Structures are given as C-alpha cells and as structure tokens.
Amino acid sequence: MNLLATLESTQQIIAYATADGRTTQGGGFDMTYLFVIGGMMLLSWMVSATLKRRFTEYSKIPMPLTGAEVAEKMLRENGINDVRVISTPGHLTDHYDPLSKTVNLSEPVYHMASVAAAAVAAHECGHAVQHQKAYKWLTFRSKMVPAVSFASQVQQYLMMAFIFGMFYTGSVWMLWAMVGTLAVITGFSLVTLPVEFDASRRAMVWMERAGLAGRMENDRAKNALFWAAMTYVVGALGALAQLGYWVMILLSRRD
Ligand SMILES: [Zn+2]
C-alpha cells in the first residue's frame with residue numbers, strides 16, 4: 001500500500017476536521033471535538049516523525065541483498081513467478097499493484113542493501129503473496145475501491161461546499177451524504193488494517209526463515225514495519241473521529 005498517500009490523506013482529514021471545528025455551531029461539542037482533533041494531530045505527527053527517524057536509522061544498517069533482490073527472492077520462494085519487481089520514482093511510494101502484478105519499489109528501496117529497504121521490499125511482496133492466496137481482507141478491500149473513490153469524490157465536493165459556506169448543517173440530506181460517504185471511507189481505512197498487518201507478518205515470517213541476516217537486523221525490520229503500520233492505525237482513528245463528529249451533528253439536528 002502507498003504509505004505517502006495514507007499520510008497525506010490523514011493530514012487532509014485532520015485539516016478538514018479542523019476547518020469544520022472553526023465554522024460549525026455545535027454548542028459545547030466543538031471544544032471536545034477540537035480536543036480530539038488536536039490529540040489526533042499530535043499522534044499523527046509523533047507517529048510519522050518516529051517512522052521517518054527509524055527508517056533513516058535502519059537505512060544505515062547493511063543487509064547482504066538490495067531491496068530488489070530481497071523482493072525477487074521472497075517472490076520466488078513463495079512460488080510466485082508472474083510478478084515483476086520494478087523501480088518507481090519518489091520516496092515512500094512503494095506499493096504492490098495487483099492489476100499489473102508488479103511490486104513497485106521506490107528508487108532508494110530498490111537499490112539499497114539496508115534493513116529498511118529489505119523490510120519495505122518484503123512487506124510489498126507480502127501483498128503479492130496475499131493476492132496469490134486470495135487473502136479474504138485483500139479481496140474485500142479491492143472490492144471496496146470503486147465505492148470508496150466515488151465516496152471520496154462526493155465527500156470532496158461536500159467539504160468544499162462546507163468550507164466556502166455553501167453547506168448548511170441544517171440540511172439533513174447534506175448531513176446524510178456526509179455521514180454516508182465518511183462511513184464508506186472509514187470502513188475502507190478499517191479494512192486496510194488487517195491487510196497491512198498481515199503483509200508485515202508474512203514479510204517477517206519469510207525474513208526470519210530465509211536467514212538473510214541476524215536477529216538484530218530482523219528485530220529492526222520488524223520495528224520499522226510496526227511504525228509503518230501505525231500510520232494506518234492513526235489514519236483509521238482520524239477517519240473514525242471525523243465520522244463520529246458528523247454523526248453527532250446529524251443526531252443533534254434530528255432531535
Ligand atoms: Zn502495505
């Protein structure tokens with residue numbers, strides 16, 4: 001999964017949420033909400049800062065194979081021969097593409113022989129293994145994609161209307177549209193969690209069995225993947241907070 005996109009969407013959710021808090025007349029509720037959003041922003045900042053720090057640190061611990069070699073080896077040892085490993089521009093742009101059946105590794109991960117690169121490469125191959133084995137949460141997540149892109153589009157228009165003052169919290173149908181689209185988006189971020197944790201689990205099981213490096217390197221790789229997974233947890237919490245906020249507005253309007 002694309003880490004950068006997740007981080008960006010988390011920040012976007014938080015930015016929107018903060019804009020909401022300023023402009024909505026929700027009585028005493030807004031303070032609680034701003035408190036929650038403030039906490040989410042702090043948490044998001046802490047997790048991404050820790051992730052960046054750990055990745056920088058683990059990029060300096062050498063491994064015998066480059067990210068690309070790790071990926072090729074893990075795919076082969078899992079009996080996967082129809083997935084290609086390619087290099088993609090950018091930083092933190094690593095992802096598995098089930099349509100083209102490619103493991104896309106960012107340039108530093110592709111070329112570097114470090115613990116950080118190995119962890120990322122093995123994680124993306126974990127998604128390829130999930131795809132091959134038709135892992136139920138990955139299949140479910142893929143089926144949600146069309147609904148999620150529709151919901152995200154509608155939601156962007158609603159948010160824009162809201163920010164420019166064309167959205168009225170008194171309009172029940174607009175509130176329902178907001179809650180409905182946010183529910184789909186939140187559901188998607190929740191379904192992403194087992195997919196991400198499982199890909200990392202597969203990566204670590206394989207790395208330990210392959211014996212590429214010692215226990216220290218494997219522990220560091222596990223730690224890097226843990227912090228990467230935490231960004232998805234924060235993303236899901238942000239989406240839940242946002243959904244909760246709009247559900248409460250809807251409930252208070254309908255009283
Ligand atoms: Zn992933």
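A residue is buried if 20 or more other C-beta atoms lie within 10 Å of its own, exposed if 12 or fewer do, and partly exposed in between; the C-beta atoms are placed from the backbone. This is a predicted model: local features need pLDDT of at least 70, side-chain atom pairs count only at pLDDT 80 or more, and totals for chains, interfaces and linings use all residues. Residues are numbered from 1 along each chain as its sequence is written.

**Overall layout**

- The protein has eight helices and three strands. Helices (H or I, at least four residues) and strands (E, at least two) are DSSP runs, numbered from the N terminus.
- From the N terminus on, the order of elements is α-α-α-β-β-β-α-α-α-α-α.
- Of the 255 residues in the protein, 38% are buried.
- Two residues are in contact if their C-beta atoms, placed from the backbone, lie within 7 Å. Among contacts with a separation of 6 or more, 76% join residues 24 or more positions apart.

**The sheet**

- Strands of a sheet pair through backbone hydrogen bonds, either parallel or antiparallel. Here, two strands count as paired if DSSP finds at least two bridges between them.
- Three strands make an open sheet, in the order β1-β3-β2, with mixed pairing.
- The edges are β1 (84–88) and β2 (95–97). Each has a single partner strand, so one side of each is left without a neighbour in the sheet.
- On average, neighbouring strands of this sheet are turned by 30 degrees against each other, direction ignored.
- β1 pairs with β3 (residues 102–106) in the parallel sense, over five bridges. V85 has V103 in β3 as its bridge partner.

**Helices on the sheet**

- Axes are lines fitted to C-alpha atoms, for helices over the stretch in contact; angles run from 0 to 180 degrees between N-to-C directions.
- Helix α3 (residues 67–77) lies across β1 and β3, and runs at about 160 degrees to β3.
- α5 also packs on the sheet, where it touches β2 and β3. The direction of α5 makes about 160 degrees with that of β3.

**Helix α3: two faces**

- The buried residues of α3 are G67, A68, V70, A71, M74 and L75.
- Seen down the axis of α3, these buried residues fall within an arc of 160 degrees, so they line one face of the helix. The arc is that of the directions from the helix axis to the C-beta atoms.
- Exposed residues R76 and E77 sit on the face of α3 turned away from its buried side.
- The cover over the buried residues of α3 includes β1, β3, α4 (107–111), α5 and α7 (172–210).
- Just after α3, G79 has a positive phi of about 70 degrees.

**Helix α5**

- The 18 residues of α5 (residues 115–132) should span 26 Å at 1.5 Å a residue, and the end C-alpha atoms are 25 Å apart, which agrees. The expected span is 1.5 Å times one less than the number of residues.
- α5 is mostly covered, with 16 of its 18 residues buried.
- A134 follows α5 and has a positive phi, near 50 degrees.

**Where α3 meets α5**

- Two packed helices are described by the angle between their axes and the distance between the axes.
- For α3 and α5, the angle is about 35 degrees and the axes are 8 Å apart.
- α3 passes α5 in a right-handed crossing. A crossing is left-handed if the near helix is turned anticlockwise from the far one by less than a right angle, and right-handed if clockwise.
- On the α3 side, the contact is made by G67, V70, A71, M74 and L75. On the α5 side, the residues include A117, A121, C125 and A128.

**Two loop residues with positive phi**

- L92 lies in the loop between β1 and β2. L92 is not a glycine, yet its phi is positive, about 60 degrees. L92 is buried, with 20 other C-beta atoms within 10 Å.
- K101 lies in the loop between β2 and β3. K101 is not a glycine either, and its phi is positive, about 50 degrees. K101 is partly exposed, with 14 other C-beta atoms within 10 Å.

**L193 in helix α7**

- L193 is found in helix α7. With 16 other C-beta atoms within 10 Å, L193 is partly exposed.
- Leaving aside neighbours within four places in sequence, L193 is in contact with Y232, V233 and A236.
- L193 and A236 are 43 residues apart along the chain, and their C-alpha atoms are separated by 8.1 Å.
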